[in-house]
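Here's a quick briefing to read alongside the structure. Have the sequence and the 3D view open as you go.

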Amino acid sequence: MHLDREFPQYRGYKISPETEKIWKEEIISKILLEIKYQTGIERTNSLSKLSNIYESDAMIQFLYDHLEMSNLDGYSKIVCLEILKKMMQSLNIMNKYNKLNQPDAKTYVQAIKDKINLYKNNLSHQQITIDETYKDSYLLKYYDFSQENLKKRIEQI
C-alpha cells in the first residue's frame, strides 16, 4: 500500500514526524536487505529506490562501497555511476544556492566528481561484464549491450 504524502488526505491523517521516521527506516532496511540478496537489474532497481529516500551522504558512501564489490558486474557499475553522477549534480545545484550542509561544499562535490572519474577510467579500460538479468529484461530487450555502446555510455557519465 502506498499513500503519497502530497495528497491532502495524507495530511488529514496527521502522521507524526516520529512515525514517518520509523516508516522511512523500515523502508530503508527492507531495500538494503533486497540489495544484499539481489543481482543485476533487480539490484540496480533497488539502488534507484534507495537513492530516492536515503540521505545523500549515506547513499554516496553506499555507492562507493557498492562499486568496490568484486562480484558486481560492469553494467551494474555503470548504473551505479549514473546514480552517483545524478546525486553529484543535485549537490552541485544545492551548493549553488547555499543549501548544501557541508563545511567545504565545493571540495566535497569535487571529491565525488574525482571518484566518478576514477571509476569511469577503470571501467573504460576493461571488458564490461553484463549480468544476464539485464539481457532477459523486457525493458532492455532491444538495448545494445555491445562493448562499443557500453564504452560510449561510460564516456557520457
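Predicted model: local features only at pLDDT ≥ 70, side-chain atom pairs only at ≥ 80, totals over all residues.

Residues are numbered from 1 along each chain as its sequence is written, and side-chain values use heavy atoms, leaving out hydrogens and water.

**Helix H6**
- H6 has 20 residues and runs 29 Å from first C-alpha to last, close to the 28 Å expected at 1.5 Å a residue (that is, 1.5 Å times one less than the number of residues); helices here are DSSP runs of H or I, at least four residues, numbered from the N terminus.
- Its buried residues (under 20% relative accessible area, 1.4 Å probe, protein chains only) include Tyr 108, Ile 112, Ile 116 and Leu 123.
- Seen down the axis of H6, the buried residues fall within an arc of 115° (taken from the directions from the helix axis to the C-beta atoms), so they line one face.
- Those residues pack against H4, H5 and H8, with contact meaning heavy atoms within 4.5 Å.

**Ala 111**
- Ala 111 sits in H6 and is partly exposed at 41% relative accessible area (between 20% and 50%).
- Ala 111 and Gln 126 are 15 residues apart in sequence and 23 Å apart in space, C-alpha to C-alpha.

**Positive phi in loops**
- Lys 14, in the loop between H1 and H2, has a phi near 50° and counts as exposed (over 50%) at 71%.
- Asn 98, in the loop between H5 and H6, has a phi near 55° and is exposed at 70%.

Key:
Helix = DSSP H or I, 4+ residues; strand = E, 2+ residues; numbered from the N terminus.
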